[in-house]
Amino acid sequence: MDSTFSKEINELLKNLDSSSQGLSLSILESKENKFGKNIITKIPEKTFLRRVLVALSEPMVKILVFAIFLTIIINFLKISKGEKSDWPETIGITLSVILATSITVLMEMKSQKSFNLLKEIGEKIFVKTIREGKILEVAKENIYPGDIIILSIGDKVPADGIVIESFNLEVDEGILTGESFSVKKHVFPLEPNINFRIFSGTYIVDGTGKFVITKTGDNTEFGKISKSVQKNYEILTPLQQELGILGKKIALIGISIAIIVFLLKIFNFSVHQKISLENIIEALTLSIVLIVSTIPEGLSTMVATTLALSMIKLSKENALIKKLTSCEAIGSIDLICSDKTGTITQNKMIVTESLIINDHFIFLNIKFNNNSFLKEENGVQKYFGNPTEIALLNYASSRETPKNISILHKYPFSSEKKKMGTIIQVDNVYIYLIKGASEIILENLHDLNNEEKKVIEEKIQICQKQAKRIIAFAHSIIKEDFISYEETHFQKSLIFDGFMAISDPIRPEVFPAVKVCKEAGIDIKILTGDNLFTATSIAKELNLIKPNSQILEATEIDKMTDNELQLNLENISVIARSTPMTKFRIIDLLMKSGKSVAVTGDGVNDAPALKRAEVGISMGITGTEVAKETADIILLNDSFATIVKAIKEGRGLYENFQKFIQFQQTVNLGALFLILIFEIFDWATPLRPIQILWINIMMDGPLAISLGFEKTRDNIMQENPRNKKNGILTVNMWINTLSNALFIVCFSTFMIRFLKIPHNYIPTYIFNFFTFMVIINVFNCKGIDKTSILNRIFDNKNLNIVFCAMFLIQIIINITLPEFFSVYKLSFFEYLKIIFFSSSIIFFNELVRFIRRNIK
């Protein structure tokens, strides 16, 4: 055995079938058979068929499939009567299902393709491995437990293991823990509070060392978390839930009225002694048409189209949407559980404050008294090393480094000394530079009196309360024969140069974004792996701490039962030292309590929570592959502000869906009431089945879809999240719908009497009055509350174009297809008269809104 390793390390290596010389080449095959490749099993992508089946499982799509079968029955009933079958409605609904499903599937596949292009090309990397005493470059996937890996600054750790050799080895474990600062690693064996384990996916930021692999692939901590997020949660978005409930209500209303109409028609036939198989089939056909007409087949197409447009729009705002329904789902959230590092903060240590007394010596200290170095990555020169040193070097990067300086000796940093020293020669002058923890530097100063030290210490304490790391600087001028002295000798005449406060600052755009979230009634909780002091400082800076807020560590959370935690969740604002399972448990309980939760994060430790949330949001730049694989939305610019834009877009989308439903239900109720009234008074059927189907196609087609292009209100983010208990049809919408539907029915009936229309022309006038009022009513549906729509009546260009086209098409079908639609041709003057009177629905709607606004 190699004596350079301790007895405990040699025993560890022996247990892993290895030695100080590394693995033997002869056992590599058996190692691979036992442990497999060092790769993380990827979350399997949905197949095309699976995506189609998921899209077809949407509540509204199921109803449309039911409608397809009903229209087929209608046509067979017509054939049985010897009438010409009419398949346009069947074809129209089928195309609607195909279109809605295709848009959903294709857009999600396009998004997945974009996501795959974002993935890092990092699988084929090589690591330095000792095998049979030789240092070899081995592909990452071909390393096994027992392999000894050599580490240096900038390396990414390829597997889990135990450190067996360390020279100031420091590791950035942020992707696993969320911590901003690096972790010092020590050599095995275990002693109290000594950190010797090293984990896959972390980065070496300082020092060098060796470790022996103990776990690879899915067995690593990285792999376990990746595997834990592969469970699928059947989470229906609020919109999907509400559309499912609405679909059932619409179907129930439609079937109920259709049955009543059928019974009334049979009753009227019996009164007039006209009961026959042909008349029964006629009544049944009308009833089925009424059921079909109540089904909003255009809604699925409209939803899919507007979601797809929103996905494209958000991609331009640097938000990659992986799941189409997430475009709307994010608009319903009332709580954001956010990671701190890399999400709220920049995940980049920078100098935020300083006290500079001797600028020149501080600059020399930063430039020459460090262990970091420049390295090219992807064609860009960047510093590698300790994050604190990188922050200092970036601070001084704009200044030119003098060329007449030589480094003569270095006294390395250690966690015990908490300082680092370097001796440099500037021309013929020898200078000792020292930097380190403020308490260590201030303790050795001799050029400051107690009063001056006290002032400096007070300034340092202010920075420390803000969770900033303090690095103090000093120097001394020394003699040429410095080699004969210990380092402590140079500290007897130290001159204080100043200090710098270093922190991971909050992203500038987060402050206004958090303010907007508050105005929008969205609560924010910080769940971070960082320490309690830093997390609290960030929360206070963002004004997230309320008088009743609780600030806890994960250990305190873990001691609570689910019931206890549920009672405290509302007031918990910050959870520090969060583990992946703690975050998951919090999100799980919040979701079960009825909250709509969005989770943001970038690390492996965030993945389970991202998966469980209603909307998981990962960072595209700093985010790990596991986080991005798991998330529904990826922020390509890592900007918290992009979340606010996505929420606003989501809220606007939901309102547009409401506008469509208000429009569609007004037409449905109008048609149902009109036919019901005519049957009650035995005035004959006012609308033929083909006319009802045409109105249905027109209503659920271009007119409805054009409502999806409505602009989002500017003040929509000054309102609280919608109450999901209220459903998609609000009280205001019901009033608008019922009032306009009744107006269409009453006014159509009144105008027939007022204009003294001949009896045989009544169906023609009813059809045109009803249709033109429906077309004009689309403008009333631009508003779902009681405010006037006049100030925004023509602001949707797409709607304006479709509106004009529908007018022309309605006139053209009357002129060119009168027999098909069972109507008579009308003169130009008669069309003008119908259109003029039909426009009264705008004035009626505005009158109702005006009265409602002024009723106290």
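Student: Which residue does the side chain of E710 meet in a salt bridge?

Tutor: Please keep in mind that this is a predicted model. A salt bridge needs a side-chain nitrogen of Lys or Arg within 4 Å of a carboxyl oxygen of Asp or Glu. For E710 the N to O distance is 3.6 Å, and the partner is K659.

Student: How many residues apart in sequence are the parts that E710 and K659 tie together?

Tutor: E710 lies in the loop between α25 (689-706) and α26 (731-754), whereas K659 belongs to helix α24, so the contact ties together parts of the chain that are separated in sequence by 51 residues.  Both E710 and K659 are buried. Salt bridges with shared partners also join K659, E710, K782 and D795 into one network. The separation asked for, between E710 and K659, is 51 residues.

Student: Is E570, which meets K595 in a salt bridge, buried or exposed?

Tutor: The side chains of E570 and K595 meet at 4.0 Å, N to O, with E570 in the loop between α20 (562-568) and β20 (572-576) and K595 in the loop between α21 (580-592) and β21 (597-601). K595 is partly exposed, at a relative accessible area of 27%. Exposed means over 50%, and at 53% relative accessibility E570 counts as exposed.

Student: Which charge do D447, E451, E452, E457 and E458 gather as a patch of on the surface?

Tutor: One of these residues, E451, lies in helix α15 (residues 450-465), and its relative accessibility of 56% makes E451 exposed. Together with D447, E452, E457 and E458, E451 forms a surface patch whose charge is negative.

Student: How many residues of α27 are buried?

Tutor: Helix α27 spans residues 762-780 and reaches 26 Å from its first C-alpha to its last, close to the 27 Å expected. This helix is mostly covered, and of its 19 residues the number buried is 19.

Notes
Residues numbered from 1 in each chain as written. Predicted model: local features only at pLDDT ≥ 70, side-chain atom pairs only at ≥ 80, totals over all residues. Heavy atoms only, no water. Helix = DSSP H or I, 4+ residues; strand = E, 2+ residues; numbered from the N terminus. Expected span 1.5 Å × (residues − 1). Buried < 20%, exposed > 50% of the residue type's maximum accessible area, 1.4 Å probe, protein only. Patch = residues over 30% accessible without salt bridge, like charges linked within 9 Å, V, L, I, M, F, W, Y side chains within 5 Å. Areas by Shrake-Rupley, 256 points an atom, 1.4 Å probe, with all protein chains shown as cover. Lys, Arg positive; Asp, Glu negative; His and termini not counted. Charge placed at Lys NZ, Arg CZ, Asp CG, Glu CD.
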